[in-house]
Amino acid sequence: MGKKSSVRKKILLALIGVAVVCAIFVGVGVVAKRANATTVKVIPVRDLNQADYMMDEGQSTLSGEITSSVTQKVELMQDAIISQVYVKVGDRVKPGDKLLTYDMTLKELELELAKLRRQSLENKLDRARARLESLENGGPIDDDEAEDYTPMDDGEDDKDQAFYAPYLHAFAQLPLRVVAALVSGSDNETVSASDGETVSGPDDDPIIDQPPEPVLYEMLDYDSVPYRGTGSKEDPLCFLCTGSEEGVLVKGSFFNKMAGYDAAGTQKEEGKEALWYRLEFHEEDRIADLDDPEKSLLGHYLRQGKEVMDPDEEKIFTLKGAGQTDDGESVLTSTPEPEPSGPNKEVDEEEEEDDWEEEEDDWEEEELEEPSMTREEAIKYQKNNIQGYELDIQKQSLAISKLEKELKEETATSTMEGVVTVVGDPQTGESDGEGFIEIESDDGYYVKGSLGELMLEQVHVGDRITGSSYESGMEFTAEIREIAAYPATGAQDFYGGMGNPNESYYPFVAHVTEDLELENGEGTELKITGGNQDSGAESIYLDSAMIRSEGGQYYVYRDNNGELQKKFVTAKRSSDGYSIVVTKGLSNEDKIAFPYGKGVEEGAKTEEGTMEQLYDF
């Protein structure tokens with residue numbers, strides 16, 4: 001017994017010895033690792049800030065050329081209609097004189113429709129967010145009312161214009177507020193026309209003129225406008241409908257209006273009677289002769305409004321089954337019923353009766369069917385929908401901004417003092433020159449240059465620039481008179497400032513305000529001070545290598561009490577295209593690391609370094 005105990009003690013002592021040796025090795029390893037761990041160098045932001053080197057009191061430096069002759073070329077706005085031209089060839093003009101004005105009615109209508117479309121997208125986004133919240137809180141996975149997102153493609157703007165065109169032309173002669181009321185469906189809104197005539201909103205009796213040209217409808221609803229008719233049996237309201245195989249989709253709100261009810265179909269409109277209406281199908285979806293529409297008529301549905309239903313209920317009317325005309329007399333047609341689709345109609349009808357009981361028997365089973373996707377999949381799907389709507393809203397907002405900018409350009413004015421040398425034909429938009437109107441300057445010296453696209457938001461017409469001649473050293477001040485709407489091409493791109501290959505450059509012209517003796521073709525250095533420059537008391541300019549981005553957000557690695565911290569900042573690329581301007585989240589007192597260096601990660605130990613050591617690891 002004593003012998004066994006002795007053996008056990010020896011084994012235990014041996015194991016303890018091994019454990020002690022292992023602990024010593026582990027300890028030595030940890031100490032060695034800590035001793036050899038990379039310590040990241042951090043540099044004071046004050047030493048890295050390039051503001052003093054790149055800018056002089058908020059001024060951007062560019063190159064330019066002196067010239068004594070400049071031509072202002074007024075190019076016509078795309079798709080705009082000229083309202084009036086104020087000048088003729090030989091007229092003398094000065095800065096600010098009117099040259100021409102546009103009729104912006106269609107642009108205004110297009111803007112209203114774009115805003116309505118954005119509002120529709122915002123409403124869909126709200127519903128998608130509510131649906132996501134329901135899913136995340138345990139709501140039903142399958143929802144018959146849930147909407148599927150359909151992305152806008154790159155050609156959506158062209159589709160919009162094609163869709164809007166009939167409405168824009170139909171409403172072109174009406175006041176904007178009237179059109180806004182009609183399009184938006186404002187309740188009982190009454191506005192005054194420009195000539196003092198009262199024009200009622202969509203819920204009142206239609207007393208406005210019908211469209212100058214028929215609108216082709218693929219869907220009819222409460223706001224649809226007939227191209228002719230008063231609503232009597234002898235003179236029904238006539239609607240031009242698509243003759244495609246899909247037919248025209250008619251909403252319940254349309255039937256409600258024809259029956260004399262409000263859009264919801266819940267209340268009879270006071271003093272309103274049921275209207276007679278005709279849904280017409282014409283050759284090639286167009287009326288060949290408005291004075292005699294019967295010439296191109298292929299078929300129609302003539303009905304009196306009696307149906308009242310849910311406003312979102314839908315019925316489809318197709319050319320197939322539409323009543324034909326007989327010696328000019330209208331044929332009364334009823335609502336089309338769906339036809340059997342099988343090759344043998346009688347057999348299909350019998351099978352339909354036999355299947356009715358089976359469908360009733362299977363009703364409960366269908367109700368108990370498993371959801372089409374898991375909750376996780378439904379949540380992910382809805383999040384994708386939300387992202388899609390948000391992107392489409394951004395696109396629509398950009399389109400609205402573009403239209404608003406075009407509306408501000410309703411009147412074109414002279415930017416210089418000189419003589420009008422070219423005036424085009426306002427009826428055709430054609431001219432003998434490169435511009436519709438051209439003016440040759442004769443009021444002294446100008447300087448020409450180009451602005452990088454990153455500077456367009458900072459520099460505007462009217463801003464002052466200072467310059468000095470490379471040849472004579474003479475200094476001058478000039479006022480920017482014109483900035484091109486389109487980027488330069490070819491030789492024009494010579495005055496591209498820093499010449500960043502990733503930027504487009506926009507030519508500008510500035511008038512020298514002093515009476516100086518300059519030479520044509522002199523090269524100049526220009527300093528532009530805009531009303532909204534990148535630089536400022538709190539802005540920090542960093543080399544682009546010192547800052548990284550993730551998901552569209554900029555960040556730096558900053559020292560935080562001896563450890564590296566990943567710090568997101570508010571920043572944007574500077575006007576020179578080579579540096580990043582940090583406007584929020586970083587100060588000159590902070591210290592940051594080269595973000596691509598060895599061992600740079602959150603939590604790494606830091607020590608202050610010098611500019612010479614910055615990239616040396």
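**Entry 1: strand E18.** The model I am reading is predicted. Next I looked up the strands on either hand of this pairing. E17 covers residues 418-423, and it pairs with E18 in the antiparallel sense over five bridges. Strand E3, residues 71-74, also pairs with E18 in the antiparallel sense, over four bridges. On that side I found Val74 opposite Ile437 of E18.

Is E18 enclosed by the rest of the structure, or open? I checked its burial. E18 runs over residues 437-441, and four of its five residues are buried, so the rest of the structure largely encloses it.

**Entry 2: Ser441.** I stayed in E18 and picked Ser441. Buried or exposed? Ser441 has a relative accessibility of 9%, so it counts as buried, the cut-off being under 20%. I then listed what it touches beyond four places in sequence: Ser68, Ser69, Val70, Met416, Glu417, Gly418 and Tyr446. One of these, Val70, has its backbone nitrogen 2.9 Å from a polar atom of the Ser441 side chain.

**Entry 3: the cores.** I had a general point in mind here. In soluble globular proteins, nonpolar side chains tend to be buried together. I looked for the largest nonpolar core and found one of 23 residues. Which residues have the most contacts inside it? They are Leu99, Leu100 and Ile437. Four elements each supply at least two residues of this core: strand E6 (98-103), helix H4 (105-136), helix H10 (375-407) and E18.

Setting aside neighbours within four places in sequence, its contacts include Val74, Ile437 and Ile439. I had already noted Val74 and Ile437 as opposite each other. Other contacts of Leu99 include Gln72, Gln84, Tyr86, Thr413 and Ser414.

**Entry 4: salt bridges.** I turned to charges. Side chains of opposite charge can pair when their charged atoms come close. I counted 20 salt bridges in the model.

Glu589 and Arg46 came up at 2.3 Å between the closest N and O atoms. Glu589 is exposed, at 55% relative accessible area.

Arg278 and Glu294 form a salt bridge of 2.9 Å, N to O. Arg278 sits in strand E13 (residues 276-282) and Glu294 in the loop between E13 and strand E14 (297-304), so the pair ties together parts 16 residues apart in sequence. I compared burial. Arg278 is buried at 4% relative accessibility, whereas Glu294 is partly exposed at 31%. Both also belong to a network of salt bridges that links Arg228, Arg278, Glu280 and Glu294.

Glu563 and Lys605 have their closest N and O atoms 3.3 Å apart. Glu563 is in strand E27 (residues 563-573) and Lys605 in the loop between E29 and strand E30 (606-608), so this pair ties together parts 42 residues apart in sequence. Glu563 is partly exposed, at 34% relative accessibility.

**Entry 5: positive phi.** Most residues other than glycine have a negative phi. I looked for exceptions and noted two. Asp285 has a phi near 60°. It lies in the loop between E13 and E14, and it is partly exposed at 25% relative accessibility. Asn561 has a positive phi of about 55° and is not a glycine. Asn561 is in the loop between strand E26 (553-560) and E27. It is exposed, with a relative accessible area of 76%.

**Entry 6: Ala263.** Last, I checked a loop residue. Ala263 lies between helix H7 (252-258) and E13. It is partly exposed at 30% relative accessibility. How far apart are the C-alpha atoms of Ala263 and Ser253? They are separated by 4.8 Å, and the two residues are 10 residues apart along the chain. Beyond four places in sequence, Ala263 touches Tyr222, Ser253, Asn256 and Pro311.

Note on methods:
Residues are numbered from 1 along each chain as its sequence is written. This is a predicted model: local features need pLDDT of at least 70, side-chain atom pairs count only at pLDDT 80 or more; totals for chains, interfaces and linings use all residues. Side-chain values use heavy atoms; hydrogens and water are left out. A salt bridge is a side-chain nitrogen of Lys or Arg within 4 Å of a carboxyl oxygen of Asp or Glu. Buried means under 20% relative accessible area, exposed over 50%, partly exposed in between (1.4 Å probe, protein chains only). Two strands pair if DSSP finds at least two bridges between them. Contact means heavy atoms within 4.5 Å. A polar contact is a pair of N or O atoms within 3.5 Å; within protein, one must be able to donate a hydrogen and the other to accept it, and residues adjacent in sequence count only if both atoms are side-chain atoms. A nonpolar core is a set of buried Ala, Val, Leu, Ile, Met, Phe, Trp, Tyr and Cys residues joined through side-chain atoms within 4.5 Å.
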